[in-house]
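Please look over the sequence and the structure before reading on.

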Amino acid sequence: MSTDGKWCYILFWVVERGKKATRWGLLKKRLLGACPVASSLLGMDSYYYGQLETEHQSQVFLLKFSCYDRLGLLHDVTQVLCELELTIRRVKVSTTPDGKVMDLFFITDTRELLHTKSRRDETCAQLKAVLGDFMTSCDIEVASSEVAACLLASSSLPYSVMEEMFNLELPDEPSTGSFPTSNNPSVIMDNTLSPAHTLIQLYCHDHKSLLYDIMRALKDYNIQISYGRFYASHNENCEIDLFVTQIDGKKIVDPNKQKALCDRLTMELSRPLRVMVVNRGPDTELLVANPVELSGKGRPLVFYDITLALKMLGTCIFLAEIGRHVAADREWEVYRIHLGDDLELTASRNKIVEGVTKMLMGWD
């Protein structure tokens, strides 16, 4: 990756993972959509940066449908929405004692067509095709501000849970449990190898969305990358070299800024997500948390991976909720999955944490 400060050139060598074929044409379209508009690059720098700061806000819709419950239902619904390029912003799912499920999904449409009847009909038809006679109703409407404010309110978390889940201190001991023993990243900052740039060298175990975690942290600190190299070896260890500057075009020379950025990158590489199972009265609850970008965007496909992992473990979902919480001056997106009591679990708590973590991190 290299840039002259206005134009950027990036080359990715990629491999397919999973059984489904990659939709390369759609991938190209989405990558182009994520890039700044070329015409804005021809104007003044102030106009260019202004364009980046005002990101487009898609209209939010409320998908309401009810159906009879079955194992893997929530993941099958999530998979349909992902294939239709519908992004889940919030969700509230509840199961009644008679085995019926009421799902409320707050979604946005990547294609920007959900305001049309044909697009809404297509969505309900795809859900019907997957759920069959289990689905009893389906409706999509624009989410009013009143409905959004009521349904998107996040329920509070116990203080002890928040203290453990949102802890930003770097662990003193090497990672254990669901994380590989080699997942102890190294972050080194050097100002001697380039006259104009600070070199950040990272060495860590590979995981899904690794580049996303690194770039999100640098974006939050207003760090600009001029040159970069990323290499993932066959033993799943990664080496990343980044030549960077501050937003003013100067090196990072302040020791306090250097330490803050190194600590943040180390945290993002070692604990990009938080997964834990806690008691919720007599029942069991799975909690998954990830930091929210300063732009307000959450981590992609988290709910998809959670529901897939639980489906593979044969674990039923009774309630589900996505909310936002602010702790340690950072906003977090928290997924709360109610799994019933311990007697109803088909896998141990440790197996659930391990299975969900590995799915989220892309580890076999």
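Is Phe303 buried or exposed? Phe303 is buried, with a relative accessible area of 4%. Buried means under 20% relative accessible area, exposed over 50%, partly exposed in between (1.4 Å probe, protein chains only).

## About the model

This is a predicted model: local features need pLDDT of at least 70, side-chain atom pairs count only at pLDDT 80 or more, and totals for chains, interfaces and linings use all residues. Residues are numbered from 1 along each chain as its sequence is written, and side-chain values use heavy atoms, leaving out hydrogens and water.

## Aromatic pairs

The structure holds 3 aromatic pairs. Rings of Phe, Tyr and Trp (its six-membered ring) pair if their centres lie within 6.5 Å; planes under 30 degrees apart count as stacked, over 60 as edge-to-face and the rest as tilted.

Phe166 and Trp332 form a tilted pair, 5.0 Å centre to centre with 35° between the planes. Phe166 sits in the loop between α7 (159–165) and β7 (186–190), and Trp332 in strand β14 (residues 330–340), 166 residues apart. Helices (H or I, at least four residues) and strands (E, at least two) are DSSP runs, numbered from the N terminus. Phe166 is buried at 4% relative accessible area; Trp332 is buried at 0%.

Phe303 and Tyr335 form a stacked pair, 6.3 Å centre to centre with 20° between the planes. Phe303 lies in helix α10 and Tyr335 in strand β14, so this pair ties together parts 32 residues apart in sequence. Tyr335 is buried, with a relative accessible area of 4%.

## Charges over rings

The charged end of Arg330 sits over the ring of Trp332, 5.5 Å from its centre. Arg70 lies over the face of Phe134, at 5.5 Å from the ring centre. A charge sits over a ring if NZ of Lys or CZ of Arg is within 6 Å of the ring centre and within 35 degrees of the ring normal.

## Helix α4 and its contacts

The axes of α4 (residues 73–83) and α10 (residues 302–312) come within 8 Å and cross at roughly 145°. Axes are lines fitted to C-alpha atoms, for helices over the stretch in contact, and angles run from 0 to 180 degrees between N-to-C directions. Phe303 is among the α10 residues in the contact. Contact means heavy atoms within 4.5 Å.

The axes of α4 and α5 (residues 117–131) come within 10 Å and cross at roughly 145°. Val77 and Leu81 are among the α4 residues that meet α5.
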